[in-house]
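Please look over the strand pairing in this protein.

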Amino acid sequence: MNLVKTLPALLLFYAIPSMAETSVTNVTPINPSNLYGSWFCQHKIEEPNSKMVVDVNYRIQYNQDNTSQGYGILLFTLSGMPKLKYSITDSSTWQLKEDVLSMNSQNIDFKNVSHPELESILNLKKILPATVNESGKIVNLSKNELTVKSDAYSELIQCVRA
């Protein structure tokens, strides 16, 4: 799989808290007030065909007025290229209906902070859209942990209270 085909999957990374493993089911009722506040999420994706590795470290703040702000770092490792570090920021609106978390991310901004001279080759602002709608089923939401299964992505993403 080439890099351009793989990069759209990154759309999902800045909605990270809305992703998780499909086989896990929520056994406790969702308390919406547990979602409010700051969360730190980490994830690593390895694409074996292209040998691309993406490490994601992301912090998101869920506000009671159904808005959120997030920021983080994406680290790309791709054979034949230097390790690339991108900063990412966005603002979102979100809704929680029963155990489904829906997010509409807007004003998404990527910035190559490690090798800006490579923007002509790998400019995420041009490759990825500026807004993303994502939803997923909350598998676990406690005061200190958040795990969600994305409708579009099957990896386990866990967040901890920041």
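This is a predicted model: local features need pLDDT of at least 70, side-chain atom pairs count only at pLDDT 80 or more; totals for chains, interfaces and linings use all residues.

## Strands 1 and 2

Strand 1 covers residues 37–47 and runs antiparallel to strand 2, with eleven bridges joining the two. Glutamate 46 sits opposite valine 53 of strand 2. The two strands form a hairpin with four residues between them. In that turn, lysine 51 has a positive phi of about 60 degrees.

Strand 2 spans residues 52–62. Eight of its eleven residues are buried, so strand 2 is largely enclosed by the rest of the structure.

## Strand 3 and its neighbours

Strand 3 (residues 67–77) is antiparallel to strand 2, and ten bridges join them. Asparagine 57 faces isoleucine 73 across this pair. Four residues separate the two strands in their hairpin, and asparagine 66 in the turn has a positive phi of about 65 degrees.

Ten bridges also join strand 3 to strand 4, again antiparallel. Here isoleucine 73 stands opposite serine 87. This hairpin has six residues between the strands, and glycine 80 takes a positive phi near 85 degrees.

## Strands 4 and 5

Strand 5 covers residues 100–112 and runs antiparallel to strand 4, joined by eleven bridges. Serine 87 has lysine 111 as its bridge partner in strand 5. Two residues lie between these strands in their hairpin, and glutamate 98 in the turn has a positive phi of about 55 degrees.

Notes
Residues are numbered from 1 along each chain as its sequence is written. Side-chain values use heavy atoms; hydrogens and water are left out. Buried means under 20% relative accessible area, exposed over 50%, partly exposed in between (1.4 Å probe, protein chains only). Two strands pair if DSSP finds at least two bridges between them.
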